[in-house]
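Here is a briefing on helix packing, a chain interface and salt bridges. Read it beside the model.

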Amino acid sequence: MNIKVRNGIGKTIYHVIVCAVGLIMIYPLLWMIFSSFKETNTIFATAGELIPKEVTLENYINGWKGFAQVSFGVFFKNSLFISVVATIGTVFSSALVAYSLSRFKFFGKKFLFGAMMISMMLPAQVLMIPQYLWYQQLGWVGTYLPLIVPYFFATQGFFIYLILNFIDGLPRELDEAAKIDGCSRYKYFAKVIIPLTVPALVTAAIFSFIWRWDDFLSALLYVNKTEKYPVSLALKLFSDPGASSDYGAMFAMATLSILPVTLIFIFFQKYLVDGIATTGLKG
Amino acid sequence: MKKVLAAVLACAMMLSLAACQGQDPGSNNNDSDQSTAAAVGTDSNASGEAHLTFSWWGNQIRNERTQEVLDMYSQEYSGVTFDVQVSDWGDYWNKLATASAGHALPDLVQMDYKYLKQYADNGMLLDLTPYIESGALDAGGIEEGILKSGTVDGGVYAISAGVNAPALLYNKTLLNENGISIKDNMTMDEFYAVCKEVYEKTGVKTNISYGLGENYIDYTLRGQGLELYSEDGKALGVSSAEDLQPYFEIYENGIAEGWLVSPEIFAERSIGTVEQDPLVYGSSPDARSWCNLTYSNAISAVWAAADADGIEVEVTTWPSVDPAASNFLKPAMFYSVTVDSKNPDEAVRVLNYLTNSVEANQVLLAERGIPASSVVTEGIIESLDEYQKMAVEYINNVVTPNSSPISAPAPDNSAEVLELLDQLQEQVCYGQITAVDAAEKLFTEGNKILAE
Amino acid sequence: MNQPKQRNQIAKWLDQESVAGVVCAFPFIAGFLLFLLVPMLISLYYSFCNYNILSEPAWVGFANYIKAFTDDPTFYQSIGVTFFYALISVPLRLVFALIVALILLKSTKATPIYRALYYLPSIMGGSVAVAILWKRMFAMDGIINTLLGVIGIKTNFAWLGSTDTAIWVLIILAVWQFGSSMLIFLSSLKQIPASLYEAAKVDGAKPWFRFWKITFPLLTPTIFFNLVMQMINGFLAFTQAYIITQGKPMNSTLFYTVYMYQQSFEFYNTGYGAALAWIMLLIIGAMTLILFATKKFWVYDGGA
């Protein structure tokens, strides 16, 4: 067999295996999507069969109605607003702090790093009541502020650490070169570091968007008007153990809920693809 | 790029500074929109305008109907608007507890018997006695026992939103096919006989409230003339571990004789959901149960699920050595007004409307349970669907004449005791512990927990 | 006329390393002080109190901590379960994440879709659908047993009903969701300059050699990062156990945070729950310090 054919076969095998395993990986997701097209009462009875015998759109119609004349469209809009704004805040503030921790020595740096790590080690539930009391003092209960503002202050150590790890991997020679050229540290950050860390920023943005989108604990405590609910909270309106839950509608809306996240991932992951050329030494 | 950064940071700082000028922390949650921080709480003024918050747990049907009723109220009493907060069961209590820590409870809340005492004892709920005496809250149509169930230490802190009773729903189709009949107010022996007969003839097993220990132990103890909790709530109501044995023996025997659904089945399901109850769900006979010990509220839901499975369902009482002593009427849930309410008078008026208005209940249609007021029940009975009529009939004809008053509300720390109970029940079913030891453990540990 | 000079001086001062460091770190400093410190201190305070949310906290000193260590077998049980879960699922996740990231590194037309396929499971984490489905899959009559039957092992074992295997169902769930770690590895792999590989190829280095001498060392910082993060997340795992098993059967899947949540919000022993949380923080802190101490032995430092 000549090389070309061998390569061809190799490629095909690669694609077949990767694809097959991939589909197995997302089987639960497929199950949820297909179930959303089944009649809601039959979902459990026919849980073993993936493809619905009768396709129905009623779950989507029922689910979209939402509650109290507030359609799911409103909930999606709310989630979108919260997630996008909080993500922008997270990415930029975390990048700035990561830059500082990576490149500078200053008084209290070790302590800061420690504080950042510790803030990640407390379970969120234990802070529920204390944070609520604190936000009450600030007058923020009943608004979106607790769901957005803290993220502009790099309060999630994970992102700082993620971008920090990345910036650590950038060559220091670039720093030296910039300094000689008289570039200020801030300008350097904006003009050099940010462009070079785009993969990390994109990764952070994807994670942050998903986490904000899925977070319902903060919304539960601080959002009081139903029309301000985000999707994560609204999805829970369908389940009522003890009476019958409308799983069909829940799955339908959950399927729609996965869409923005998937789209963001597919759209942004091309920024992961383009490699960085660290030929910036000339820059 | 730098400018964008600067702008973003500046915005964030401005937002937080603006927020810091907030309002006083004690105000409740009827607050603003997403763009500004300064909250505008509207309180009632002399002209009768009010903005009330009402929170409940539930499902879509309850949500829609209740919202409709609130809209009706707003139309009738113009100037009154509502903020509605809906969650599922677990989240509801988290949110309520957190709000109570911050003294920011909603005006009206849905309350449950499980938590009634805790919230009332800690002064979270408004005593409605003055309103009942003045007539602002009309309790005339409410039967005394039901009114009493919302009473803690002499004060009325909650009004029943719907009455319920223990109901054993069974697979009539299966029993008919096999010539087995059962009657109301079965004793334990009669019950066992049916369980064994069903198992022998069809291989279908029995489920007795597995994982929901709190339901059945009370019932069993009442049948023995005992209560689960002592009067002051600081100890169990039984004087020795032996009193607790009969309960565990039910499970020990059931597993030993083979007619009790084995516990592994339940690990694969969500316990307590209607669709996954062994009565209607399970791919082999031994994963199924011929009965479901539930409450009359669930009749409609169980019927729907059973119907999808091709089963016809009938209702009767839970088995007990002494059915009359065991059985009781239970408010499925209550309405309460909280002490954080800035408009208690208006809130009580809403409560009155919900409880006594036939119009409103024509919309609610007994979704929370049979209305507390018999006047209202009379008024809407024609509009109820056949399952709810079944429930009404069951409650009126089967339970009420043959029952005793409900036990006192659960005391503090009862949740921990019930969790222990569920664990012991699990261990007995897995064969890890004997009924005698389980009873012993529940007795010692349970008393210890309650004494704290 | 002195203004430009003054502005210059300020700019110069700001550009000093020690000052710039603080300025750039300011968002977190402010954020920590504004949003984290006070709530953390409050929860620490609760841990020294008897608190049941509905009434005021009452100081009891170290009673909660003492109780956890001396009077609570469930405490030890949940620690054991959590350690077991974390120490097994985390390495497995990382290994899968790295392998798949390497496989999906090259960019063919279909790669974005493939990456999405492997990544999607990790975003379905808390969903009810996954909980329902996972339970069904591992049921006695579920798919897993059916598949085992296909390859010749006839069984209707109850994976979720047995205390030995229930935890593995959760571990498999965690490993299934390796996508997030994979994503981080992908972005780091992309950072490695292609020139290094080219140089090595020119030198005649085989792929395996290239991996161990170039890829792996340069990847160790990211591996370290993933290890620390996943370990912390592993110890703090909550949602899956809460919605799938609730700790059953017989506490064999009682994650520490689920137990803490139970104490805080179901039993209303919130002071005790807070103490449990802070104990876990100390444990995780200790584990992290250990990991950091090993850093210099195997993590490659410095840029490319």
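Helix H6 (residues 128-138) of chain A packs against helix H3 (residues 89-101) of chain B at an angle of about 50°, and their axes are 9 Å apart. H6(A) is therefore oblique to H3(B). Angles under 35 degrees count as roughly parallel, over 145 as roughly antiparallel, 65 to 115 as roughly perpendicular, and the rest as oblique.

The model is predicted: local features need pLDDT of at least 70, side-chain atom pairs count only at pLDDT 80 or more, and totals for chains, interfaces and linings use all residues. Residues are numbered from 1 along each chain as its sequence is written, chains are lettered from A and ligands numbered from 1 in the order in which they are written, and side-chain values use heavy atoms, with hydrogens and water left out.

**H6(A) and H3(B)**

- The crossing of H6(A) and H3(B) is right-handed (the near helix is turned clockwise from the far one by less than a right angle).
- H6(A) makes the contact (heavy atoms within 4.5 Å) through Met128(A), Ile129(A), Tyr132(A) and Leu133(A). H3(B) contributes Asn94(B), Thr98(B), Ala99(B) and Ala101(B).
- Six of these contact residues are nonpolar, two are polar and none is charged.
- Helices are DSSP runs of H or I with at least four residues, numbered from the N terminus. Axes are lines fitted to C-alpha atoms over the stretch in contact, and angles run from 0 to 180 degrees between N-to-C directions.

**H19(B) and its partners**

- Helix H10 (residues 245-257) of chain B and helix H19 (residues 435-451) of chain B cross at roughly 140°, their axes coming within 8 Å. H10(B) and H19(B) are therefore oblique to each other.
- H10(B) passes H19(B) in a right-handed crossing. On the H10(B) side, the contact uses Gln245(B), Phe248(B), Glu249(B) and Glu252(B). On the H19(B) side, Ala435(B), Val436(B), Ala438(B), Ala439(B) and Leu442(B) take part.
- The contact of H10(B) with H19(B) has six nonpolar, one polar and two charged residues.
- Helix H18 (residues 414-429) of chain B packs on H19(B) at an angle of about 165°, with axes 9 Å apart. H18(B) and H19(B) are therefore roughly antiparallel to each other.
- The crossing of H18(B) and H19(B) is also right-handed. Residues in this contact include Leu420(B), Leu421(B) and Leu424(B) of H18(B), and Leu442(B), Ile449(B) and Leu450(B) of H19(B).
- By class, the contact of H18(B) with H19(B) has nine nonpolar, two polar and three charged residues.

**Chains C and A**

- In chain C, 87 residues are in contact with 87 residues of chain A.
- About 7800 Å² is buried between chain C and chain A, and carbon and sulfur atoms give 78% of it. Buried area is the accessible area (1.4 Å probe) that two parts lose on being put together, summed over both.
- Phe28(C), Phe35(C) and Gln191(C) supply 10% of the area that chain C buries against chain A, more than any other three residues.

**Salt bridges**

- The whole structure has 15 salt bridges over all chains (a side-chain nitrogen of Lys or Arg within 4 Å of a carboxyl oxygen of Asp or Glu). Between chain C and chain A the count is zero.
- Arg103(A) forms a salt bridge with Asp175(A), the closest N and O atoms being 2.7 Å apart. Arg103(A) lies in helix H4 (residues 72-103) of chain A and Asp175(A) in helix H9 (residues 172-180) of chain A, so the pair ties together parts 72 residues apart in sequence.

Notes. Helices (H or I, at least four residues) and strands (E, at least two) are DSSP runs, numbered from the N terminus. Ala, Val, Leu, Ile, Met, Phe, Trp, Tyr, Cys and Pro count as nonpolar, Asp, Glu, Lys and Arg as charged, and the others, Gly among them, as polar.
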